[in-house]
Amino acid sequence: METSESTHGFLLQILWDRIRAQQSLLRSPLFPVFFSLTVYLSCCLPYFCLDLLAPRVALVRQFKIQPQSKVTWTMVCCCLLQILHTHAFFIFPITVLHWYWKPVVLPAQAPDPCCVVRDILACLLLFDLQYFVWHLLHHKVSWLYQTFHKEHHRYTATFSLTAEHSGVWETLSLGVFSAVTPALSSCHPLTEMLFYTVNIFLSVEGHSGYDFPWSPHRLVPFGLYGGAPHHDLHHLKVKVNYAPYFTHWDRLFNTLHRAHR
């Protein structure tokens, strides 16, 4: 066990040393936007390829949660333009201010592997709570829904790029939750980057519109994780399944609805 942990720690140190070698990029005010968009589009790409294949390949189509739905180039372009516009005109200026007020600190030592796992899980649970409260409020208060959240519900059948297809207020709110969560946990910069990567991937997977045998919700036992079917049903029925990832808050507030396939 100790040998395994030391090996993982050694690999993390190698990874961190290679990342720290790019200090000019890491300390640039452009890096947060570059990192966010790169990870997001990279996570979307495999699902986008599947969306292109689905109308022609029955093997792909059988894993679609709503097999009758079709992703068009118009839908793709609409999502991409909105995402790029929000990042360029709103996210980037805020990251510049953050960069100015809080200089980037890059410690030489990589985090302990057990701490990385613990902190990422803690961040996911805290983000899940923050977004559940925000999401529930923006559905229960009609003005908030009509003004800020309705744009995200343009598509009742989700696809990967709809993960960040939302208005400025919603995008900024989730961005704040993502940034504040690891800060509250005093995470190592590498843990922060890994949390952002995992968080973006889970968001994209939750909006992918696909239910595979290896999907995260099938790997987590006891129905504790909702995944793509959970969130797809929210877009379809609107008033259920408010939590982005886990199911405990929806169970507690009696808003959990299971998909039947």
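**Salt bridges, a helix and a surface patch**

Arg154 is partly exposed, with a relative accessible area of 45%; buried means under 20%, exposed over 50% and partly exposed in between, using a 1.4 Å probe and protein chains only. This is a predicted model, in which local features need pLDDT of at least 70 and side-chain atom pairs count only at pLDDT 80 or more, while totals for chains, interfaces and linings use all residues. Residues are numbered from 1 along each chain as its sequence is written, and side-chain values use heavy atoms, with hydrogens and water left out.

**Salt bridges**

- A salt bridge is a side-chain nitrogen of Lys or Arg within 4 Å of a carboxyl oxygen of Asp or Glu, and by this rule the structure has 4 salt bridges.
- Side chains of opposite charge can pair when their charged atoms come close.
- Arg154 is joined by a salt bridge to Glu151, at 2.9 Å from N to O; Glu151 is partly exposed, at 24% relative accessible area.
- Arg118 and Asp119 form another salt bridge, with their closest N and O atoms 3.1 Å apart.
- In this pair Arg118 is exposed, at 52%, whereas Asp119 is buried, at 10%.
- Lys64 and Asp51 also meet through their side chains in a salt bridge, at 3.9 Å from N to O.
- This pair links distant parts of the chain, 13 residues apart: Lys64 lies in the loop between α4 (58-61) and α5, and Asp51 lies in helix α3 (residues 31-53).
- Lys64 is buried, with a relative accessible area of 4%, and Asp51 is buried as well, at 6%.

**Helix α6**

- Helices (H or I, at least four residues) are DSSP runs, numbered from the N terminus.
- Helix α6 (residues 113-140) has 28 residues and should span 40 Å at 1.5 Å a residue, which agrees with the 40 Å between its end C-alpha atoms.
- The expected span used here is 1.5 Å times one less than the number of residues in the helix.
- At the start of α6, a side-chain oxygen of Asp112 comes within 3.1 Å of the backbone nitrogen of Cys114.

**A nonpolar surface patch**

- Leu97, Trp99, Tyr100 and Trp101 make up a nonpolar patch on the surface, with about 540 Å² of accessible area together.
- Such a patch is made of residues with over 30% relative accessible area and no salt bridge, its nonpolar side chains (Val, Leu, Ile, Met, Phe, Trp, Tyr) being joined within 5 Å.
- Accessible areas come from the Shrake-Rupley method with a 1.4 Å probe.
- Trp99 belongs to helix α5 (residues 73-101) and is partly exposed, at 36% relative accessible area.

Notes: Patches are made of residues with over 30% relative accessible area and no salt bridge: like charges are joined within 9 Å, nonpolar side chains (Val, Leu, Ile, Met, Phe, Trp, Tyr) within 5 Å. Helices (H or I, at least four residues) and strands (E, at least two) are DSSP runs, numbered from the N terminus. A polar contact is a pair of N or O atoms within 3.5 Å; within protein, one must be able to donate a hydrogen and the other to accept it, and residues adjacent in sequence count only if both atoms are side-chain atoms.
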